[in-house]
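Biologist: Please take a close look at one part of this model, the ligand site. What lines it, and what touches what?

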Amino acid sequence: MTIGAAYIPSPLSSSSSAAERQVLFDRIAPVYDSLNDTLTFRQHRVWKRMSVSWSRAKKGDRVLDLCCGSGDLTFLLSERVGSQGETNGVDFSSEQLSIASSRQRSRWRRCYSNIAWSVGDAVDLRFPDEHFDAITVGYGLRNIVDKPKAMEEIFRVLKPGSTVSVLDFNKASNATAFVATFQDWMIDNVVVPAATRYGLKEEYAYLKASIAEFLTGKEQEKLAKEVGFSGVKHYEIAGGLMGNLVAVK
Ligand SMILES: C/C(=C\Cc1cc(O)c2ccccc2c1O)CCC[C@H](C)CCC[C@H](C)CCCC(C)C
Ligand SMILES: C[S@@+](CC[C@H](N)C(=O)[O-])C[C@H]1O[C@@H](n2cnc3c(N)ncnc32)[C@H](O)[C@@H]1O
């Protein structure tokens, strides 16, 4: 029995529940895009282009951007598949989706009319089996509590022969410990202080723990093979700071 102060789990620890993470992403939504641009000197846009290109999405395809957030990868996918294609952006944060949808209205391009946004959980996708020609997941997998279940769902909704492209921070192996040191230094000394100005210190401090507990490239490859993917390769990008898993069903 607990006497005195009740035990209240921190909503922002790396062991937080999916619901607590949803609250976190709702909270950071208003500053998420501008902080990413500032912190990476807009380089995250280059990494996102690379990731979308690895997905091998093409004109007329039906595609999914899972954990789409404010929609950076969704818009790139939409441009690739064009007006004849169909683009789905799914996220469990309604605040992120609301920003995605207002960006869609403000930066209107003909192909963007092919985008459908929906609130949904990566571990329980509301799509039929073998539905998509390509899937992207940008900075999403690390934040999903049940990663094996999410990979199973991605495998289920992909058509045979199609590709999932998963962009995220690279959890460096021991051989490249200096990358991990640099990532940690950047988060402690640049990212968290910048976020603190918006009252989001804890939300961005979560980033460091989430990377520490993430899967290495090799572990991501192993997970993808375990759920059934055959052609599987993890690429390190941005000098090893970021990584991208490419897996073919
Ligand atoms: C892309 C970045 C953050 C995405 C992001 C992902 C998450 O899972 C979050 C979870 C909770 C809160 C926030 C986020 C979130 O913002 C920005 C990453 C910044 C890097 C830590 C710093 C990289 C700096 C490099 C100097 C950039 C230039 C690279 C070079 C040109 C190779
Ligand atoms: C760091 S953001 C990335 C957003 C966008 N993909 C990008 O690259 O800018 C991570 C996103 O994953 C979403 N997310 C995390 N876990 C999720 C889950 N289980 N189901 C759906 N979305 C999830 C969050 O709401 C958040 O918008």
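Modeller: By class, the shell around ligand 1 holds 13 nonpolar, four polar and two charged residues. This is a predicted model. In total, 19 residues surround ligand 1. The closest are N36, R142, N143, Y204 and L207.

The side chain of R142 puts an N or O atom 2.7 Å from an oxygen atom of ligand 1. For N143, a polar side-chain atom lies 2.9 Å from an oxygen atom of the ligand. For N36, the distance from a side-chain N or O atom to an oxygen atom of ligand 1 is 3.2 Å. On its own, ligand 1 has 770 Å² of accessible area, and the protein covers 86% of it.

Now the elements behind that shell. Those that give two or more residues to it are α1 (18-40), α2 (43-54), α6 (177-196) and α7 (201-212). The largest share comes from α1, with seven residues. The space that ligand 1 takes is the largest pocket.

Ligand 2 sits in the largest pocket as well. Its shell counts 18 residues, and Y32, C67, D91, A122 and G138 come nearest. By class, that shell divides into nine nonpolar, six polar and three charged residues.

A polar side-chain atom of K48 lies 3.0 Å from an oxygen atom of ligand 2. A polar side-chain atom of D121 lies 3.0 Å from a nitrogen atom of the ligand. Taken alone, ligand 2 exposes 590 Å², and the protein buries 97% of that.

C67 sits in the loop between β1 (62-66) and α3 (72-81). Its phi is near 60 degrees, a positive value in a residue other than glycine. C67 counts as buried because its relative accessibility is 18%, and the cut-off is under 20%.

E130 also has a positive phi, near 50 degrees, and is likewise a residue other than glycine. Its place is the loop between β3 (115-119) and β4 (132-138). At 43% relative accessibility, E130 counts as partly exposed.

Terms used:
Residues are numbered from 1 along each chain as its sequence is written. Chains are lettered from A and ligands numbered from 1 in the order in which they are written. This is a predicted model: local features need pLDDT of at least 70, side-chain atom pairs count only at pLDDT 80 or more; totals for chains, interfaces and linings use all residues. Side-chain values use heavy atoms; hydrogens and water are left out. A residue is near a molecule or strand if one of its heavy atoms lies within 4 Å of it. A polar contact is a pair of N or O atoms within 3.5 Å; within protein, one must be able to donate a hydrogen and the other to accept it, and residues adjacent in sequence count only if both atoms are side-chain atoms. Accessible areas come from the Shrake-Rupley method with a 1.4 Å probe; for residues, only the protein chains shown count as cover. On a 1 Å grid over the protein atoms alone, a cavity is a set of points where a 1.4 Å probe fits but cannot get out, and a pocket is an open set with protein on both sides within 12 Å along at least five of seven lines; lining residues have an atom within 4 Å of a point. A molecule sits in a cavity or pocket if more than half of its atoms lie within 2 Å of its grid points. Ala, Val, Leu, Ile, Met, Phe, Trp, Tyr, Cys and Pro count as nonpolar, Asp, Glu, Lys and Arg as charged, and the others, Gly among them, as polar. Helices (H or I, at least four residues) and strands (E, at least two) are DSSP runs, numbered from the N terminus. Buried means under 20% relative accessible area, exposed over 50%, partly exposed in between (1.4 Å probe, protein chains only).
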